Amino acid sequence: MANFDFSGPQFTRNEVVQLVLRVSIASLVTYYSVKWMLNHLDPTSKNKKKAQIRAEEQLKRLSEESGFKINIKNLSDYELMIASHLVVPDDIAVSWKDIAGLDSVIQELKESVVLPVRHRDLFSQSKLWSAPKGVLLHGPPGCGKTLIAKATAKEAGMRFINLDVAMLTDKWYGESQKLASAVFTLAIKLQPCIIFIDEIDSFLRSRNTNDHEATAMMKTQFMMLWDGLNSESGSTVIVMGATNRPQDLDKAILRRMPSQFHVGLPNKEQRKKILKLILETEKISKNVDLDELANMTQGFSGSDLRELCRNASVYRMREYMRNNQDSPSVSEIGNNLLTENQELLEITMQDLRSSYNKMKESKMHTGTLMLENRIGLD
């Protein structure tokens with residue numbers, strides 16, 4: 001760059017303009033060079049771009065399907081990152097009728113959460129009638145906590161953010177707090193909205209002196225923003241968490257989740273209802289005894305019962321294929337396989353017993369059956 005003598009008479013207006021232009025160009029080049037380097041040094045940059053593309057797709061679908069209008073240009077980059085975890089209502093295929101054996105929990109959720117949200121005009125006459133800002137579902141794994149959260153959003157007509165806690169832990173200092181803030185600002189723009197955090201104990205566990213500074217700041221930021229929801233009487237944003245270790249949660253979090261529901265292992269009658277719901281769309285033999293099956297599956301969760309039935313169905317198909325390898329109907333797999341051989345493809349009680357014995361052996365080896373039996377005695 002040329003040296004200019006500002007004190008000399010030879011310094012002209014053109015030279016001042018040239019100097020300003022050179023400094024401006026140098027600054028722009030430096031800025032974009034540093035930005036380019038940071039973007040390429042950040043290992044998560046590709047994931048962020050994918051997240052933003054997905055967010056735009058989900059918000060567009062939300063606008064088309066429900067008529068809810070939101071200007072994507074008004075959302076920050078952080079809000080777009082969170083919006084990538086938005087679940088469009090049409091993608092939630094779970095409703096109350098798809099959940100069996102949890103009638104008391106469902107009824108209480110209907111009265112305390114769904115009704116205040118669906119009838120906001122009526123319930124707005126009193127602050128005490130409003131829906132809770134925090135709901136905790138706790139109990140053993142596989143008992144339907146996530147299904148209940150999705151069904152609640154579906155029945156209440158709420159948007160559903162299935163928050164991935166891992167995305168809040170950004171490697172750059174200060175980014176995690178901005179992402180945590182974006183969770184709530186986006187939810188308010190999308191309200192009525194549920195922010196669902198699965199395994200919430202891994203994110204908001206009890207604070208101690210061993211916590212990293214950034215983690216502690218993020219937790220504090222999250223709770224402060226959560227408190228902000230309580231001060232806004234008109235907002236309809238609910239933070240719903242699920243955990244099988246409620247004792248690990250910070251006491252400050254438990255205070256912010258006044259509505260708590262225990263979703264335990266099903267008893268015999270509940271297991272029978274769950275089995276009936278799972279098998280009602282399947283072809284089953286007349287010898288299937290749901291009472292016997294419910295009695296022998298003590299300590300099984302809802303997901304265990306579904307897996308038991310799935311394995312039994314697979315056993316039946318394997319048996320059919322093994323015995324009919326040379327059959328023309330097998331080589332021409334299609335509608336004929338389902339119409340001409342209905343009886344051979346029906347799930348039998350023996351299939352269910354074989355599936356149960358395999359799962360029981362596996363559970364005994366892993367030690368989970370003994371623990372579950374202790375928790376869920378009929």
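Is Cys309 buried or exposed? I looked it up: Cys309 counts as buried, because its relative accessibility is 4%. My cut-offs are under 20% relative accessible area for buried, over 50% for exposed and partly exposed in between, with a 1.4 Å probe and protein chains only.

A note to myself on the source: this is a predicted model, so local features need pLDDT of at least 70 and side-chain atom pairs count only at pLDDT 80 or more, while totals for chains, interfaces and linings use all residues. Residues are numbered from 1 along each chain as its sequence is written, and side-chain values use heavy atoms, with hydrogens and water left out.

I then looked for disulfides, meaning pairs of cysteine sulfur atoms within 2.5 Å, and the count came to 0.

**Aromatic pairs.** I found 5 aromatic pairs. The rule takes rings of Phe, Tyr and Trp (its six-membered ring) with centres within 6.5 Å; planes under 30 degrees apart are stacked, over 60 edge-to-face and the rest tilted. Phe203 and Phe222 have ring centres 5.2 Å apart and planes at 90°, so I wrote them down as edge-to-face. Phe203 sits in the loop between β4 (193–198) and α8 (213–231), and Phe222 in helix α8, 19 residues apart. Helices (H or I, at least four residues) and strands (E, at least two) are DSSP runs, numbered from the N terminus. Both Phe203 and Phe222 are buried.

Phe222 also pairs with Trp226: the centres are 6.1 Å apart and the planes at 85°, so this pair is edge-to-face as well. Phe222 and Trp226 are 4 residues apart in helix α8, about one helical turn. One aromatic cluster takes in Phe184, Phe203, Phe222 and Trp226.

**Cores.** Next I looked up nonpolar cores, which are sets of buried Ala, Val, Leu, Ile, Met, Phe, Trp, Tyr and Cys residues joined through side-chain atoms within 4.5 Å. The largest has 42 residues, and Phe222 and Trp226 are among those with the most contacts inside it. Helix α7 gives the largest share of this core, 8 residues. A second, separate core has 31 residues, including Ile99 and Leu265. As a reminder, nonpolar side chains tend to be buried together in soluble globular proteins.

Which residues does Phe222 touch, leaving aside its neighbours within four places in sequence? With contact meaning heavy atoms within 4.5 Å, I listed Leu163, Ala180, Phe184, Ile197, Phe203 and Leu204.

**Salt bridges.** I counted 10 salt bridges, each a side-chain nitrogen of Lys or Arg within 4 Å of a carboxyl oxygen of Asp or Glu. Lys189 and Glu79 meet in one of them (3.0 Å, N to O). Lys189 is in helix α7 and Glu79 in helix α3, so the pair ties together parts 110 residues apart in sequence. Glu79 is buried at 5% relative accessible area, whereas Lys189 is partly exposed at 37%.

Arg255 and Asp227 form another salt bridge (3.7 Å, N to O). Here helix α9 holds Arg255 and helix α8 holds Asp227, so parts 28 residues apart in sequence are tied together. Arg255 is exposed at 54%, and Asp227 is partly exposed at 27%. Salt bridges that share partners join Asp227, Arg255 and Arg256 into one network.
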